[in-house]
Amino acid sequence: EQLHGILCYFAIPLKLNAGKVNVSSTLIMASLRSPRVDGKGLSLATDLTGPVNFLDLVNNLQGDSGRGYYIEMTIGTPGQTVNILVDTGSSNFAVAAASHPFITHYFNTALSSTYVSTGRTVTVRYTQGNWEGELGIDHVSIPKGPNGTITINIAAILSSEGFFLPGINWQGILGLAYPMLARPDSSVEPFFNSVVKQLGIPDVFSLQMCGVGLSASSSAETLGGSLIMGGIEPTLYRGAVWYTPILEEWYYQVEVLKLEVGDQNLDLDCKEYNMDKAIVDSGTTLLRLPVNVFTAVVNAITQSSLIQDFSAGFWDGSKLACWMKGETPWRFFPNLSIYLRATNTSQSFRITILPQVLSHNTSPTISDWSLSQAL
């Protein structure tokens, strides 16, 4: 199992395979195309027969680069439409099943003739927020996803704290990580595992998130991206595909080899970068670093910044530096580069993060750039 990063997106094949899929005739639509394989086991889109039309999945994500990306789903019978946050940092599929001040609607289990409660309760805690609910089973379809309806495990959220946020436009979460993270235990089959089994698509998905340096508060258009289930869509990237091994199948745990600020290597021990784990998590827009690494990054940025008269409070996140509307401070700050090990262990590849990705906009007239423990 491997991970790769290209341009503004990363793709995470759960299991690489030869792309040979047994698909029932009911799933083969004339307007859909089947995957082909690129010689490395990665499913690509080509002809017009098969269960997945990757082009139909392009731009199926919406969201805010400061709050996450969500996909539209239909749950139950008759179908109830909800938006679901895409999260590679968890493994439960959960949806609001009761009203909450920060969401516009929820999945009403009583109105679905196909919803079945398992009688089990479940609680999931995240870095920010938590929820509690009951486990159930129901039908789900994805309008801009693989063709077909699947029967999946659903956690019906009945109460939560710090999970739903003001201004969000999603009502649930799609955990895309491995079964080991599923709650209350790994017997709860994750959503994508069910999709692979029931629809016969390759056990590969790729995720593109295109909202670099922007916020929905400062743009008239909703930001978007693509969740391609069953492989990758070649039109969404350029150049070669690079992979990094998954160290352990729970989170998408990877190995960070080094960090650079501008052209300056932080030159820390590799163990420092990976303490206690380094994971790829689409459910957050924060870059979290161990304390020692964070301190080294801030020191390096301080030294290489083209502006030397910032107060100490700016660098520890307690004060902001402001520019008037229309001005951008990005040229004053260095890039941050993360190096990951390639599948050929003697090689590595670099993901470069621009200064504007480490920023956020708080008002339409004043931009601020600040550092915090989470970057």
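Predicted model: local features only at pLDDT ≥ 70, side-chain atom pairs only at ≥ 80, totals over all residues.

Which residue in β22 stands opposite L340? It is F349.

**The four-stranded sheet**
- The sheet is open and has four strands, in the order β18-β17-β21-β22. Pairing is antiparallel.
- Its edges are β18, at residues 264-265, and β22, at residues 348-353. Each of these edge strands pairs on one side only.
- β17 covers residues 256-261 and is joined to β18 by two bridges.
- β21 and β22 are antiparallel and share six bridges. They form a hairpin, with six residues between the two strands.
- Five of the six residues of β21 are buried, so the rest of the structure largely encloses this strand.
- Helix α4, residues 291-304, lies across β17, β18 and β21. The helix runs at about 25° to β17.

**A charge over a ring**
- K258 lies over the face of Y339. The distance to the ring centre is 4.4 Å.

**Aromatic pairs**
- A pair of aromatic rings is described by the distance of the centres and the angle of the planes.
- The model has eleven aromatic pairs.
- One of them is F164 with W170. The ring centres are 5.9 Å apart and the planes meet at 45°, so this pair is tilted. Both F164 and W170 are buried.
- W242 and F349 make another tilted pair, because their planes are at 40°, with the centres 5.8 Å apart.
- The W242 and F349 pair links distant parts of the chain, 107 residues apart. W242 sits in the loop between β14 (223-229) and β15 (244-245), while F349 belongs to strand β22.
- F349 is buried, at a relative accessible area of 7%.
- Ring pairs also join Y126, F163, F164 and W170 into a cluster.

**The annotated positions**
- Which residues carry the UniProt feature "active site"? The record, an unreviewed entry, places this feature at D87 and D281.
- The two span 195 residues in sequence. Yet no two of their C-alpha atoms are more than 6.6 Å apart, so they gather at one spot.
- D87 lies in strand β7, residues 80-87. D87 is buried, with a relative accessible area of 4%.
- Leaving out residues up to four places away in sequence, D87 touches several residues, including Y126, I173, L174 and D281. Y126 is also in the ring cluster.
- D281 is in the loop between β19 (278-279) and α4, the helix that lies across β17, β18 and β21.
- D281 is partly exposed, at a relative accessible area of 25%.
- With the sequence neighbours up to four places away left out, D281 touches D87, T88 and G89.

How values were computed. Residues numbered from 1 in each chain as written. Heavy atoms only, no water. Pairing = 2+ DSSP bridges. Contact = heavy atoms within 4.5 Å. Axes fitted to C-alpha atoms, helices over the stretch in contact; angles between N-to-C directions. Buried < 20%, exposed > 50% of the residue type's maximum accessible area, 1.4 Å probe, protein only. Phe/Tyr/Trp six-rings, centres within 6.5 Å; stacked < 30°, edge-to-face > 60°. Lys NZ or Arg CZ within 6 Å of the ring centre and 35° of its normal. UniProt positions renumbered as here; feature names shortened; annotations may be inferred.
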